[in-house]
Amino acid sequence: MVKICCIGAGYVGGPTMAVIALKCPKIEVAVVDISVPRIKAWNSDQLPIYEPGLDEVVKQCRGKNLFFSTEVEKHVSEADIVFVSVNTPTKTRGLGAGKAADLTYWESAARMIADVSKSDKIVVEKSTVPVKTAEAIEKILTHNSKGINFQILSNPEFLAEGTAIKDLFKPDRVLIGGRETPEGLKAVKALKDVYAHWVPEENILTTNLWSAELSKLAANAFLAQRISSVNAMSALCEATGADVSQVSYAVGTDSRIGPKFLNASVGFGGSCFQKDILNLVYICECNGLPEVAEYWKQVIKINDHQKTRFVNRVVASMFNTVANKKVAILGFAFKKDTGDTRETPAIDVCKGLLGDKARLSIYDPQVTEDQIQRDLTMNKFDWDHPLHLQPMSPTTVKQVSVVWDAYEATKDAHAVCILTEWDEFKTLDFQKIYDNMQKPAFIFDGRNIINVDKLREIGFIMYSIGKPLDAWLKDMPAVA
Ligand code: NAI
């Protein structure tokens, strides 16, 4: 029986391995992590991450051919294929600080693999890493190998949170990069055979190691670039009276462009886009390509600008001050159908409003109060470290309350900001919300999910990103 071990039981390691276990009943899969609470949660009824469809998959395989464990070394030493899906945070100190990937966790995982291995292994890079990481890892492994043969493969993960299970069941493609030597090709085939249990062969792409590594960074940069492009247009729409939804529909019907990823919003978030672009920027700089680096940097700058613009719209509309006003925040996760708040635009928007002394009442169906307080007090990039290494939240932000109901959040509020596109927000009783708010009552829809005309009829002053402005907002500055 082939044995797989995955180091890192996070948003990637957990779901990907659960799906491999489900689709390959004859393969034994162990997912290991140094975080005891995380593994405990994977072994309980309350999984550590929320992902539609994940519970069912885990329930079907757990205890049969899928195991979650903290016995990292034991499972690594027994495995034929070791996936590494650990955190790859942005460096906050030293060379490349603020841009380069911090490969501390990756390197320590590689050294541990070398230490405990007694048989040949295929080591698979699942984490997103800078180009040529595989080569560095290969050096660590071969210099510590005691005669054991290690083959390194790059197999970047393209799943999107919120649709991870769907994406894993039917991936657009699986990408496997490896050495173009006989041993390398053999290892590629072994991993291909795993995916071939359910992925059509033509959707399994094989490349050299660096192409695979770079393709992942490039794919995320392209996706984020589309969002920044439409967000840049949204600012122009507001200034000219065009409607961004109409513009993006018209643009997206061009088959060369396509309709996906063209929704204007308060900005992109998630653990990957910003981090991977910063990484790409750093790699370009290191390779003497400052113009290319500058080009990709703009994608992040527009994203930051979009969040600032949103906060400024809120403050400017409300007589240039939100001091002591209750503002309801609907949605904190970086997108719907996930509880993940890493790099969510809600953090910057909330911090911006708090900077203007607002009182916030936050509701998100999947995010806990503890997480929100941590996010609002944590330093930039600290979130991407294993839980036990993250700073404890020493203080709570007093002007923030977290409630478990949208009606409670909006009661007596002066304004509502919609920051995540949860479906349940579309069907709220806005008449009831209006009746219980201070007047004038404002709604700032950062996701363009509610019907502007209907809400104006109720009496709200409405702002929707990239839509023609209310007369109220017209002469107010959007950017500080
Ligand atoms: P995560 O933070 O949820 O999980 C990483 C896990 O690795 C943590 O539970 C941590 O405790 C564990 N870990 C760290 N060092 C370890 C060690 N030496 N031994 C055992 N466990 C260790 O991160 P996530 O989101 O799963 O991401 C992992 C990688 O995959 C990152 O490189 C990320 O950029 C990439 N990725 C993430 C995607 C996403 O949607 N979240 C999508 C595609 C790639």
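This is a predicted model: local features need pLDDT of at least 70, side-chain atom pairs count only at pLDDT 80 or more; totals for chains, interfaces and linings use all residues.
A polar contact here is a pair of N or O atoms within 3.5 Å.

**Around the ligand**

| Residue | Protein atom | Ligand atom | Distance |
|---|---|---|---|
| Thr 128 | polar backbone atom | oxygen | 3.0 Å |
| Lys 275 | polar side-chain atom | oxygen | 3.0 Å |
| Ser 271 | polar side-chain atom | nitrogen | 3.5 Å |

On its own the ligand has 830 Å² of accessible area, and the protein covers 95% of that. The surrounding shell runs to 26 residues, with Asp 33, Arg 38, Thr 88, Glu 161 and Arg 342 the closest. Sorted by class, you get ten polar, nine nonpolar and seven charged residues in that shell.

**Thr 344**

Now for a residue in a loop: Thr 344 sits between β9 (326-330) and α13 (345-355). Leaving aside residues up to four places away in sequence, Thr 344 touches Gly 269, Gly 270, Phe 332, Ala 333 and Phe 334.

**The nonpolar cores**

The largest nonpolar core has 64 residues, and the members touching the most others are Phe 310, Leu 353, Leu 360, Leu 376 and Phe 460. The top contributor to this core is α13, which gives six residues. Take Leu 353: beyond four places in sequence, its contacts include Val 311, Val 314, Val 315, Val 322, Val 327 and Ile 329, along with Ala 358, Leu 360 and Cys 417. There's also a second, separate core of 42 residues, with Val 31, Leu 47, Ile 81 and Leu 159 among them.

Notes: Residues are numbered from 1 along each chain as its sequence is written. Side-chain values use heavy atoms; hydrogens and water are left out. A residue is near a molecule or strand if one of its heavy atoms lies within 4 Å of it. A polar contact is a pair of N or O atoms within 3.5 Å; within protein, one must be able to donate a hydrogen and the other to accept it, and residues adjacent in sequence count only if both atoms are side-chain atoms. Accessible areas come from the Shrake-Rupley method with a 1.4 Å probe; for residues, only the protein chains shown count as cover. Ala, Val, Leu, Ile, Met, Phe, Trp, Tyr, Cys and Pro count as nonpolar, Asp, Glu, Lys and Arg as charged, and the others, Gly among them, as polar. Helices (H or I, at least four residues) and strands (E, at least two) are DSSP runs, numbered from the N terminus. Contact means heavy atoms within 4.5 Å. A nonpolar core is a set of buried Ala, Val, Leu, Ile, Met, Phe, Trp, Tyr and Cys residues joined through side-chain atoms within 4.5 Å. Buried means under 20% relative accessible area, exposed over 50%, partly exposed in between (1.4 Å probe, protein chains only).
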